[in-house]
Amino acid sequence: MVLTTTNPAPKQFVESSTFASRYVRQPLPRFQMPENSMPKEAAYQVITDELMLDGNPRLNLASFVTTWMEPECDKLMMASINKNYVDMDEYPVTTELQNRCVNMIANLFNAPIGSGEAAVGVGTVGSSEAIMLAGLAFKRKWQQKMKSQGKPYDKPNIVTGANVQVCWEKFARYFEVELKEVKLKEGYYVMDPVKAVEMVDENTICVAAILGSTLTGEFENVKLLNELLTKKNKETGWDTPIHVDAASGGFIAPFVYPKIEWDFRLPLVKSINVSGHKYGLVYAGIGWVVWRSKEDLPDDLVFHINYLGSDQPTFTLNFSKGSSQIIAQYYQLIRLGFEGYKSIMENCTGNARILKEGIEKTGRFEVVSKDVGVPLVAFALKDSTKYTVFQISDALRKFGWIVPAYTMPADAEHIAVLRVVVREDFSCSLAERLISHIQEVLKELDSLPSRIMKDSHVVTVAKEVVGENKDAEAAKMGDRKIQEKVTKQWRHFVKTKKTGVC
């Protein structure tokens, strides 16, 4: 008889194999640093395993932020990941690349600068920081003007639409500026220039216009705003300026809609911000703000430091930051050129059109986004009494899609929509696949019993609206009010879903 024996695994194998080690039998630390170290392979593996549960960035249709870049640019970013941008004396070439980006962007936005003349601007962590800096410049100039006239300067305000991104609310709260919002209305989801100018007073530091609303992608009418505000300034003797938040649309309008006047071609536009990490086609972490001229950026907001080796001017809210995104932005600008950006933005616009047509063909949705604007599709259910856009959003996740559902801001809260942002890496085939999955979800939800009206809480709301009143007017308004109340209840159930995704 032949006997076989099994030798135990060598100790070095157990020690070198992550899944044979004790590290996979222990939960990862959540509140305190562990007492002991672990092998680098084990640390890498257990973190990678947890990250598998994240969504796929390419299928995240909620975000405007770039999720794909060319491998050559990835290499450049990794090669410069250990460079601290603020060390300008140590990394002068990186500083020069930032200045080149500022000049190119300022010229793209038709800044009134001469040939070979340097533009006024700075790279930021994103458009949020860019907006903070632009807002501070407006506030300081307004304060200086009011002081020189012997007038109070303690109650500044800024006029925006209710559709602004949350960073504007942060600026107003952090820097003690009253935020005067023009309310929206059903069918009109951007700031009304007429109402905005009516809200302007002597304490208004600027009017902020959005080139590419987060909610619907629509461009606000900056040209009309400029005309109306110019007229009011002449009548009152004020000099209220305009800031354009072009976070999403700044890298779209010059290439797809060059005839639209929204930038420094308009005299009252004094500063513009744009997100390099959106349609500037760079990974998250880069924004830009440019001013019309040096006179529009108060000198006392610029600091000068010399403890890094030389005199260095700085106007930022933070200090240290990586150089990778700045280098990546320069790569994209020279790699693609005007021709490349134009081609990419036209592709995005075309794919958005294909997606829109497919969604409309279902017959179940009303598209609320506009054809001219950021390439996205925002759409609402024509009938949400049986199920809501929030259920559709949840159901699409089983296919891997992340499609946000949200309600509109003040005075249009009863409108709930889904939104798909079409980025560079969202191809025609992906658009067609998403349409087919939406159709599958609709078919599945149609086959289910109504989840809303059978919910006892919502039924109670419906009864409160219609009540015992049987007259004709109540019957006429009942369906609409029920739908509004239902939407509000779903807002409560999904209160973790936020608007203003960027």
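**Exercise 1. Locate Lys278 and decide whether it is buried or exposed.**

Solution. Lys278 sits in the loop that joins strand E6 (269-275) to strand E7 (287-291), where helices (H or I, at least four residues) and strands (E, at least two) are DSSP runs numbered from the N terminus. The structure is a predicted model, in which local features need pLDDT of at least 70 and side-chain atom pairs count only at pLDDT 80 or more, while totals for chains, interfaces and linings use all residues. Residues are numbered from 1 along each chain as its sequence is written, and side-chain values use heavy atoms, with hydrogens and water left out.

Next, take the accessibility: Lys278 counts as buried because its relative accessibility is 7%, and buried means under 20% relative accessible area, exposed over 50%, and partly exposed in between (1.4 Å probe, protein chains only). Finally, turn to the record: an unreviewed UniProt entry lists Lys278 for "modified residue: N6-(pyridoxal phosphate)lysine". UniProt positions are given in the numbering used here, feature names are shortened, and annotations may be inferred rather than shown by experiment.

**Exercise 2. Describe helix H4 and find what covers its buried residues.**

Solution. Begin with the length: helix H4 (residues 92-108) has 17 residues and reaches 24 Å from its first C-alpha to its last, which is close to the 24 Å expected at 1.5 Å a residue; the expected span is 1.5 Å times one less than the number of residues. Then list the buried residues of H4, which are Thr94, Thr95, Leu97, Gln98, Cys101, Val102, Ile105, Ala106 and Leu108. The elements that cover them include strand E1 (120-124), helix H9 (253-256), E6, E7 and helix H10 (324-361).

**Exercise 3. Which residues touch the most other members of the largest nonpolar core?**

Solution. In this core of 107 residues, Leu355 and Ile392 touch the most other members; a nonpolar core is a set of buried Ala, Val, Leu, Ile, Met, Phe, Trp, Tyr and Cys residues joined through side-chain atoms within 4.5 Å. H10 gives the most to this core, with 14 residues. The core draws at least three residues from each of domain 1 (76-336) and domain 2 (348-446), with bounds that come from an automatic or database domain assignment.

Now follow Leu355 itself: apart from neighbours within four places in sequence, Leu355 is in contact (heavy atoms within 4.5 Å) with Val377, Val420, Val422, Phe426, Ala431, Leu434 and Ile435. There is also a second, separate core of 27 residues, which includes Met146, Ile158, Cys206 and Ala208.

**Exercise 4. Decide where the coordinates call for caution.**

Solution. The mean pLDDT of the protein chain is 88, and 85% of its residues reach 70 or more, pLDDT being the predictor's confidence in each residue, from 0 to 100. Over residues 472-476, pLDDT stays under 50, and the model has one contact for them beyond four places in sequence. Residues 496-502 also stay under 50, with 18 contacts beyond four places in sequence. Where pLDDT is low, the predicted coordinates should not be read in detail.
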